[in-house]
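The structure is shown first, and the notes follow by topic.

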Amino acid sequence: MAHVVVLGAGLGGTLQAYELKENLGPEDQLTVISDKPYFQFTPSNPWAGVGWRKKEDITIDLAPVMARRGIEFLCDGARRLHPGENRIELQSGRSVEYDYLVIATGPELAFDEIEGFGPGQYTHSVCQVEHATVSGEQWEAFCANPGPIVVGAVQGASCFGPAYEYVMTLDTDLRRRKIRNQVPITFVTSEPYIGHLGLGGVGDTKGMLESIMRDRDIQWVTNARVDRFTADTVHFTEFDEDGQEKKAHELPFRYSMMLPAFRGIPALRGIEGLVNPRGFVITDEFQRNPTYPNIFAIGVCIAIAPPKPTPVPTGVPKTGFMIESMVTATAHNIPRLIRGQDPVEEPTWNALCLADFGDRGAAFLAMPQNPPRNVNWSSEGRWVHWGKLAFEWYFMRKIRNGVSEPFYEKFIMNRLKISKLKEAKGG
């Protein structure tokens, strides 16, 4: 009998538990540890940030779902991982031992790295459902007394999609309220160009997103390093393509949301051989840590180097379908190790994303996510908005039912030739 522990119950951790349950033997024990009692559908947070969703609309209580699947669920935070002892020390004082561990914690949000940044300071956030709920409540107060808006992503940020979604959704909501003419909007980003997305662009995301932003009267500044926030102003420095300072800006706002840089959670940081200096987990092609071969990691918590340096530092996003490919590879590799075999499954890291703008949207498919790619496609239109709505309903239903990939999803992905696992070498 082996005891497998999944640390984290977000998009990756929850699906990881479901897929492991399907692949482990009946004698194996599976435990999920999460510092929150619920699953939150993070892709809907931009909607919550304008009041279009409530917390209860996009969260699911995990204990009963896990119990139905025969998975032990512990609602407790991780204080420290002790990989040499195969043990997780929890905030409650309890310790959990494991034979195999999957780290799926997501990141810590590094708001503290910039003065005046983040919830409780001078800006809003849609990174967590709790943040987005407060942003949505305060959005109503802003609309009663509108003024300039600044949205974007600071240096070191890696997940740029929600910033584009949120700025477009704000624009859509303001137009519906017929007060858009009272609100100048500026998009400030560390990306070297609009549509870079931390990926070097996908298809024509540069031209497509620039055109959409021009149509919506949204101004933008790229290659921006945010220096500090004050109560009503973002202070940032714009750089040229050679990384030289170009211009200092002081941009006033009445409402601002900028995405932060990420880092690994405190329970993992500083563990030599497990994480990089930023606290992200080091993994090989099988999602396994080279130093501690009984530890795997998936999702936003893993270390991925940017494909190319940028004038202002940017990270690499870990998108939903990409994370699902990590989940599937790990769900096959751990049972192989338990049986005394070597891991063989490698995730494709293909990225399929729908970015909703409140009325329309943009979609892209990158196979694999980082260039050079076999498929490099992007598109936009009203169909993306409806597709995102359908995806929200479908994914929440999967989580409630305790299923990672129903047969009809596998059938559709196979027909589209979008795979989660690489073909076996030599096959």
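In this predicted model, Phe39, Phe41, Phe391 and Phe395 are linked into a cluster by ring pairs.

**Phe41 and Phe391**
- The rings of Phe41 and Phe391 form a tilted pair, with 5.8 Å from centre to centre and 55 degrees between the planes.
- Phe41 belongs to the loop between strand S3 (38-40) and helix H2 (45-48), whereas Phe391 belongs to helix H8 (residues 382-401), so this pair ties together parts that are 350 residues apart in sequence.
- Phe41 has a relative accessibility of 0% and counts as buried.
- Phe391, with a relative accessible area of 30%, is partly exposed.

**Phe41 and Phe395**
- Phe395 lies in helix H8 and Phe41 in the loop between S3 and H2, so the pair ties together parts that are 354 residues apart in sequence.
- Both Phe41 and Phe395 are buried.

**Lysines over ring faces**
- Lys318 is placed over the face of Phe280, at 4.9 Å from the ring centre.
- Lys388 is placed over the face of Trp47, at 5.3 Å from the ring centre.

Conventions: Residues numbered from 1 in each chain as written. Predicted model: local features only at pLDDT ≥ 70, side-chain atom pairs only at ≥ 80, totals over all residues. Heavy atoms only, no water. Phe/Tyr/Trp six-rings, centres within 6.5 Å; stacked < 30°, edge-to-face > 60°. Helix = DSSP H or I, 4+ residues; strand = E, 2+ residues; numbered from the N terminus. Buried < 20%, exposed > 50% of the residue type's maximum accessible area, 1.4 Å probe, protein only. Lys NZ or Arg CZ within 6 Å of the ring centre and 35° of its normal.
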